Amino acid sequence: MDKINSLIEEIDIHIHRMLVQTYKRRLCQSTDLSSSVDAGVTQTRFMRACAKVDLWQKVEDAVRAKRSRARQARNALLPIQQLPTEVTLHLFNMILRPVKRPYYHDTLKEISRVCHRWRHVIHHTPALWSKIYGSTLHQIVDQALERSATHPLDAWFSSIGRVNRIDLEGFVERLSPHIGRCQSVALTYFGEWDASPGLVHLIHRPAPKLERVTLEDERALTDFSNAELFDGQAPMLKEVKVLGIACDWRGAAFRGLAALSLSKVFFPTIDYLLETLDQNRLLSCLKLSFVTFQDADAQTMTPYIVLPLLTNFSLALDDIQTTEIIFDRMNAPICNQLLLFLPDGPEIGTHATRLAGKWLARRQTPIPPLESTTFALANSKITLSAVSNGGREVLSLTFKFFSGDQNMTRLLNGVNRVAKELFNSTESSFKLDDRSFALLENPEIVDELRQLPSVTTIEIGDPFSEFESLRYWGYPRQFALPPFPSLRLFRTFHQPMECIFTILKGIFTEPRTTGEDQIVHVEIHGTREPEQDWLAYIATQMKEIVGEGCRSSFVTTPRLERFED
């Protein structure tokens, strides 16, 4: 390489001389023989130097090629290169599974740079290129569509968060010829694209392999009601999610589904909605959010519909009367997960108790003997879960509302009645979302916590908790909490020690006396285990707050991420 650099410097000198001579020749208008001879000599030297450079570049290329082949031969002897291709692909999938969509193809590219074999495997494995994301450049979208060959595709586009490097029109234009091999399509956008001919062309083409589809218009401007989705030819379709888009609800795309989610859409009447649901008796998951009706006051003639396989039902309407009409006409005998949105007001607790009673009365089998119930509080939400004697969660009832501590107090009162009167609960667990510490500052909420069935477990946060959230939501410096005399386990996830000490001081205003029945286990989950001297300090502080019966332990728990669907 040094030889080539010296030759290049020599060429630069010859070029400089030629430019100087050309300038002199033009200046003097001289055509004498000596100038021509000098020019010829310089040009000859220049050509000779260029030839040498070409020769040395060829030598360098040959050396570089030999070096590359030598590296490939060496890499081929490494143990990891002896793995079968199937195992190598499994490793790739483990790396790629948690990667966010905007970084998927960049990560795939980085993996392909490790060695020649990995690059060859990646470039010739259609399954790795079957994810078509709007968060990638259109050149990568074209490349992925080509390399995926005939493999089924998963297509995703979202205008939320400005993650896209390709616009919706360009995305659907490239995807349309391949809709026949798509197994999932998810498009979330804003209404300015609702008139795009490319989008209309996409959703009106047959999709024989399509299993899941999500169509969301955040501005609720799109109208597909005049034509069937996918031309009525999507026989494999089992999961549909629609937000803000008018559709032909009696089309083939809305029959025989296993999961259906409808949000911010409208129907002519409640009967029309019930007839649509009656076309889907295989539903196991149903979510209805802020559905509106053109004639909400029309008399509902449908007596009831039966959804024998429904296990998860979510109903969120802003009108309690419409909520009760729909709720009363749906019979789901094995439903064990129910979410209801209740409008704010003084009767919110009464509504919760009444609707929960109706839900339990329709169950095909009675509630099995329960070991305990769990009250999980978060901002504007309460979840009541029932755990059987075998430790399995058998029922989950969630109530959501708009906002307000007063509504939280009323709702907690109603949910407490459900636990005691309908679940016959004698003991319970209490969970608090780590962004909802402010709830514990309200004395009325604290009074309702005193009325819970005997609390044996308190849990703060979960494995998905983010420590950073505390910086924004904060927590009080002191709490006036109930003493919870039956408490046996206090567990936290990814919380600062100051917060843990503060909550414990609110519960244990005085250390408990020693005794076998007074032992309290404090279980602290964190991403890394503290030093031994710090653990000893924590144990000492716990005993001073809780009492000599405190048994503290630290559990190393990674902070989990919620994977994208």
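Helices H3 and H5 sit roughly perpendicular to each other, a label used for angles of 65 to 115 degrees. They belong to a predicted model, where local features need pLDDT of at least 70, side-chain atom pairs count only at pLDDT 80 or more, and totals for chains, interfaces and linings use all residues. Residues are numbered from 1 along each chain as its sequence is written, and side-chain values use heavy atoms, leaving out hydrogens and water.

**H3 and H5**
- The axes of H3 (residues 85–96) and H5 (residues 116–123) come within 11 Å and cross at roughly 80°. Axes here are lines fitted to C-alpha atoms, for helices over the stretch in contact, and angles run from 0 to 180 degrees between N-to-C directions.
- On the H3 side, Thr85, Thr88, Leu89 and Phe92 meet Arg117, Trp118, Val121 and Ile122 of H5; contact means heavy atoms within 4.5 Å.
- Sorted by class, that contact has five nonpolar, two polar and one charged residues. Nonpolar covers Ala, Val, Leu, Ile, Met, Phe, Trp, Tyr, Cys and Pro, charged covers Asp, Glu, Lys and Arg, and the others, Gly among them, are polar.

**H15 and H16**
- For H15 (residues 497–507) and H16 (residues 532–546), the axes come within 10 Å and cross at roughly 15°. That makes this pair roughly parallel, the term for angles under 35 degrees.
- Met497, Ile500, Phe501, Leu504 and Lys505 from H15 meet Trp534, Ile538, Gln541, Met542, Ile545 and Val546 from H16.
- The residues in this contact split into nine nonpolar, one polar and one charged.

**A look at Asn416**
- You'll find Asn416 in helix H12 (residues 405–422).
- Asn416 is buried, with a relative accessible area of 4%; buried means under 20%, exposed over 50% and partly exposed in between, using a 1.4 Å probe and protein chains only.
- A polar atom of the Asn416 side chain lies 2.9 Å from the backbone oxygen of Gln451.
- Leaving aside residues up to four places away in sequence, Asn416 touches Phe375, Glu448, Gln451, Leu452 and Pro453.

**The whole chain**
- There are 16 helices and 23 strands in the chain. Both are DSSP runs numbered from the N terminus: helices are H or I with at least four residues, and strands are E with at least two.
- Of the 565 residues in the chain, 45% are buried.
- Among contacts with a separation of 6 or more, 73% link residues 24 or more positions apart.

Conventions: Parallel < 35°, antiparallel > 145°, perpendicular 65-115°, else oblique. Polar contact = N/O pair within 3.5 Å; in protein donor to acceptor, adjacent residues only side chain to side chain.
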